[in-house]
Amino acid sequence: MANERLRTARKNKNDEFYTQLADIEEEMKHYKPYFKGKTILCNCDDPRISNFFHYFSYNFEHLGLKKLITTCYKNQNRDLFSQNDCEQAIYLEYIGNKKGGNVPDPEEIGIRHLKGDGDFRSQECIELLKQADIVITNPPFSLFREYVAQLMEYNKKFIIIGNKNAITYKEIFHLIKDNKIWLGYRNINKDMWLVLPEKEEKYEKLIDGKKLKHIMACWFTNLDISKRHEELILYKNYNPQDYPKYDNYDAINVDKTNDIPCDYYGIMGVPITFLDKYNPDQFEILGDSRYHDGKQEADDINIINGKQLYRRILIKRKRGK
Ligand SMILES: C[S@@+](CC[C@H](N)C(=O)[O-])C[C@H]1O[C@@H](n2cnc3c(N)ncnc32)[C@H](O)[C@@H]1O
């Protein structure tokens, strides 16, 4: 029991880092047409700290939003909105500045109490989820699978941040493969620096008094985006020397996404970063080197001359593309 609590505490600690406003702005600018008249839910966001709350409350009128709902897990911080560090959380509802202007007026931000701690899985938070058109946040990485499963169950549109490793989680990968979710605009290789709580002693950079940590994170969404329809220009030709086959699977290995041969229509193993360039009209995802046959425990197939390569995604070109 004590061990279990320790594990949970350690996990939660790893979830405590906050998204920078510039990163939110950079991604959200691509989705503006989706926001008009919509209810946005940020359900892992302490409004005192959350730049998601900041972005959507300050841009409420500009984006033409209908409503912004923000739930604050465990009321962690003593602040304007929360009373204490307690098991009863609050949530906020904002429907814009009715007095004119577009700076949020604290008097117009409806603060309401939740019965529980604001866990996104609780029934009362699910009721708020049902009201939402689009869910936008950086959820706890340790609960990413459950978080996404819940969004899928309630058929919600979303734009969320997750660890890049989440791509390889079986449940998430299958959603990507089935074209139910995909990566957002931000380049998968571009670093994301997240802000640590003030009390945190270990950090990698200090900028404007903010303690920053580099996290391998990227955006996941199920809103259709133009990037997903851009065709990857292929210029290399296939030859068996540059593109050897795996020892244990009938597919060629491609080390760099840009090197995908323009004249090969068989199965290819490509790096995970391929997903950044994935256009479902041009390619089909068949599996990954671990889950290639759909079985969880399938052996990795990415072996060449007895040497195991990095994890690969198995793809095929679509004919005529
Ligand atoms: C990665 S942080 C991001 C915070 C904020 N969304 C942002 O981007 O700045 C994830 C947040 O989820 C909160 N959280 C952890 N478990 C949660 C749960 N079960 N339900 C809702 N929020 C939770 C954590 O307290 C943490 O603040």
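**Entry 1: the strand β2**

I looked up T39 and found that its bridge partner in β2 is K67. Helices and strands here are DSSP runs, numbered from the N terminus, with at least four residues (H or I) for a helix and at least two (E) for a strand. C42 also has a bridge partner in β2, namely T70. I counted 4 bridges joining β1 to β2, and these two run parallel.

Before going on, I noted that this is a predicted model: local features need pLDDT of at least 70, side-chain atom pairs count only at pLDDT 80 or more, and totals for chains, interfaces and linings use all residues. Residues are numbered from 1 along each chain as its sequence is written.

Next I checked β2 against β3. They run antiparallel and are joined by 5 bridges, and I69 stands opposite E93 in β3.

A residue is buried if 20 or more other C-beta atoms lie within 10 Å of its own, exposed if 12 or fewer, and partly exposed in between, with C-beta atoms placed from the backbone. In β2, 5 of the 6 residues are buried, so the strand is largely enclosed by the rest of the structure.

**Entry 2: the sheets**

In what order do the 8 strands of the open sheet come? I read off β4-β3-β2-β1-β5-β6-β11-β7, with mixed pairing. Its edge strands are β4 (110–113) and β7 (182–183), each pairing on one side only. Two strands pair if DSSP finds at least two bridges between them.

I then found an open sheet of 3 strands, in the order β8-β10-β9, with antiparallel pairing. Here β8 (192–195) and β9 (205–207) are the edge strands, and each pairs on one side only. Direction ignored, neighbouring strands of this sheet are turned by 45 degrees against each other on average. I counted 4 bridges between β8 and β10 (residues 210–215), and V195 has L212 as its bridge partner in β10.

**Entry 3: helix α6**

I followed α6 (residues 123–131) across β1, β2, β3 and β5; it runs at about 160 degrees to β2. For such angles, axes are lines fitted to C-alpha atoms (for helices over the stretch in contact), and values run from 0 to 180 degrees between N-to-C directions.

Which residues of α6 are buried? I got C125, L128 and L129. Seen down the axis of α6, they fall within an arc of 105 degrees, so they line one face of the helix. The arc is taken from the directions from the helix axis to the C-beta atoms. On the other side of α6, Q123, E127, K130 and Q131 are exposed. The cover over the buried residues includes β1, β2, β3 and β5.

**Entry 4: helix α4**

I moved to α4 (residues 51–58), where 6 of the 8 residues are buried, so the helix is largely enclosed by the rest of the structure. I listed the buried ones as N51, F52, F53, Y55, F56 and S57. They pack against several elements, including α2 (21–28), α5 (60–63) and β2 (67–72). Contact means that the C-beta atoms of two residues, placed from the backbone, lie within 7 Å.

**Entry 5: the ligand and the whole protein**

I found 19 residues around the ligand, with Y18, T19, C44, Y73 and N138 coming nearest. Near means a C-beta atom, placed from the backbone, within 6 Å.

Last, I noted the totals: 8 helices and 18 strands, and 32% of the 321 residues count as buried.
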